[in-house]
Amino acid sequence: MSKTLSFACVHFSVAFLVGYLMTGSIWVGGALALVEPACNTVAFHLHEKFWKRIETRRAAQAVANAPLTT
């Protein structure tokens, strides 16, 4: 959990810094630090669901294509 929290702090900091450096606005940097990681979290969740579906389909295909042994 410590590593996850550490990464979250790095992610928020990078999002803030990029927004601030691109615009010179602390408000824009702050907004990006909140919005971008939230959007990334949703995107990551959807990405994981997508890949889980692919893995399930591949596993089912492997079972269907496995040679029968007697």
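1. Is Thr23 buried, partly exposed or exposed? Thr23 is partly exposed, at a relative accessible area of 46% (buried is under 20%, exposed over 50%, partly exposed in between, with a 1.4 Å probe and protein chains only). Thr23 belongs to helix H1, residues 2–23. A polar atom of its side chain lies 2.7 Å from the backbone oxygen of Gly19.

2. This is a predicted model, in which local features need pLDDT of at least 70 and side-chain atom pairs pLDDT 80 or more, while totals for chains, interfaces and linings use all residues. Residues are numbered from 1 along each chain as its sequence is written, and side-chain values use heavy atoms, without hydrogens and water.

3. The chain has 2 helices and 0 strands (DSSP runs, numbered from the N terminus: H or I of at least four residues for helices, E of at least two for strands). The C-alpha atoms fill a box of roughly 70 × 25 × 15 Å along the principal axes.

4. Of the 70 residues, 9% count as buried. The chain exposes about 6,200 Å², with 71% supplied by carbon and sulfur atoms (Shrake-Rupley method, 1.4 Å probe; for residues, only the protein chains shown count as cover).

Conventions:
A polar contact is a pair of N or O atoms within 3.5 Å; within protein, one must be able to donate a hydrogen and the other to accept it, and residues adjacent in sequence count only if both atoms are side-chain atoms.
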